[in-house]
Amino acid sequence: MLVLGTSNEHKVAEFTRVLKGISIASLAEVNCDLDVAETGTTYRDNAILKARAFAKATGAWVLSDDTGLEVVALNGAPGVFSARYAGQQATGSENVQKLLLDMKDVVDRRATFHCALALANPQGEVVLESSGVLPGTILERPVGQGGFTYDFVFFEQKSGCTLAEMPAFAVDQLSHRAVAVKAILPQMQTLLS
């Protein structure tokens with residue numbers, strides 16, 4: 001069994017769809033309420049911190065991610081602080097509002113979603129890592145019903161829509177998380193079988 005090192009329900013749903021054929025449990029399902037401080041300076045650092053901590057706490061294989069949005073005109077912000085962009089306890093909506101405010105008069109709206117993954121064995125040793133990227137642009141207002149946080153303002157060129165408008169099957173092909181998972185999925189299946 002693989003434990004997903006996140007309490008974000010949206011991420012759990014996406015990972016569950018992409019990790020076909022692998023038995024998955026969420027942190028809640030294994031009664032793990034550990035709060036891991038994301039003190040790393042990179043997505044990779046934070047993914048590793050979480051994978052190690054959750055694996056040691058649960059005694060299970062754990063796949064953790066750290067994901068962030070980087071905006072060219074904001075010198076890469078919000079970056080590793082994407083989940084806390086508007087403050088430590090900020091909601092997704094508050095983070096989006098701050099982003100749109102910070103980009104009020106910005107012409108160059110290019111942005112990139114980044115995801116780093118770390119797979120830790122039950123002893124807390126990271127045995128696999130990968131990353132994925134999704135380029136796009138930031139819209140001037142939220143559009144769509146699905147997704148979460150920045151998905152409502154992140155426009156993906158190939159699909160011609162925001163991540164929040166994109167159907168699940170397309171997200172599972174294009175997203176930064178999907179790209180990162182696909183890069184290590186065969187090795188994960190071997191390790192977990």
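By class, 13 nonpolar, 16 polar and 10 charged residues make up the lining of the largest pocket. Here Ala, Val, Leu, Ile, Met, Phe, Trp, Tyr, Cys and Pro count as nonpolar, Asp, Glu, Lys and Arg as charged, and the others, Gly among them, as polar. A pocket is an open set of points on a 1 Å grid over the protein atoms alone, where a 1.4 Å probe fits, with protein on both sides within 12 Å along at least five of seven lines; lining residues have an atom within 4 Å of a point.

Before you click further, note that this is a predicted model, in which local features need pLDDT of at least 70 and side-chain atom pairs count only at pLDDT 80 or more, while totals for chains, interfaces and linings use all residues. Residues are numbered from 1 along each chain as its sequence is written, and side-chain values use heavy atoms, with hydrogens and water left out.

**Stop 1: the largest pocket.** The space in the largest pocket is about 950 Å³, a volume being the space filled by probe spheres set on grid points joined across faces, edges and corners. Select Asn8, Lys11, Glu38, Lys50 and Ala83, the closest to its centre of the 39 lining residues. Helices H1 (9-18), H2 (43-58), H3 (92-102) and H5 (176-192), together with E3, each give two or more residues to this lining. E3 gives the most, with 5 residues. Helices (H or I, at least four residues) and strands (E, at least two) are DSSP runs, numbered from the N terminus.

**Stop 2: Asp66.** Now pick Asp66 in strand E3 (residues 61-71). Is Asp66 buried or exposed? Asp66 is buried, with a relative accessible area of 3%; buried means under 20%, exposed over 50%, and partly exposed in between (1.4 Å probe, protein chains only). Show Asn46 as well: a polar contact of 3.1 Å joins its side chain to that of Asp66. Such a contact is a pair of N or O atoms within 3.5 Å; within protein, one must be able to donate a hydrogen and the other to accept it, and residues adjacent in sequence count only if both atoms are side-chain atoms. Leaving aside residues up to four places away in sequence, Asp66 also touches residues including Glu38, Lys50 and His114, where contact means heavy atoms within 4.5 Å.

**Stop 3: helix H1.** Start at Asn8, which caps the N-terminal end of H1 with a side-chain oxygen 2.8 Å from the backbone nitrogen of His10. Within H1, colour the buried residues Lys11, Val12, Glu14, Phe15 and Val18. Their cover includes E1 (2-4), E2 (24-26), E3, E5, H4 and H5.

**Stop 4: the second largest pocket.** This pocket has a volume of about 190 Å³. Of its 16 lining residues, the closest to the centre are Glu14, Arg17, Gly147, Asp151 and Val171. H1 gives the most to the lining, with 4 residues, and H4 (168-174) and H5 each supply at least two.

**Stop 5: Ala168.** Select Ala168 in helix H4. Ala168 is partly exposed, at a relative accessible area of 37%. The C-alpha atoms of Ala168 and Arg17 are separated by 8.7 Å, although the two residues are 151 apart along the chain.

**Stop 6: the aromatic pair.** The structure holds 1 aromatic pair. Phe113 and Phe154 form it, tilted, at 4.5 Å centre to centre and 45° between the planes. Rings of Phe, Tyr and Trp (its six-membered ring) pair if their centres lie within 6.5 Å; planes under 30 degrees apart count as stacked, over 60 as edge-to-face and the rest as tilted. Phe113 lies in strand E5 (residues 110-120) and Phe154 in strand E7 (residues 154-156), so the pair ties together parts 41 residues apart in sequence. Both Phe113 and Phe154 are buried.
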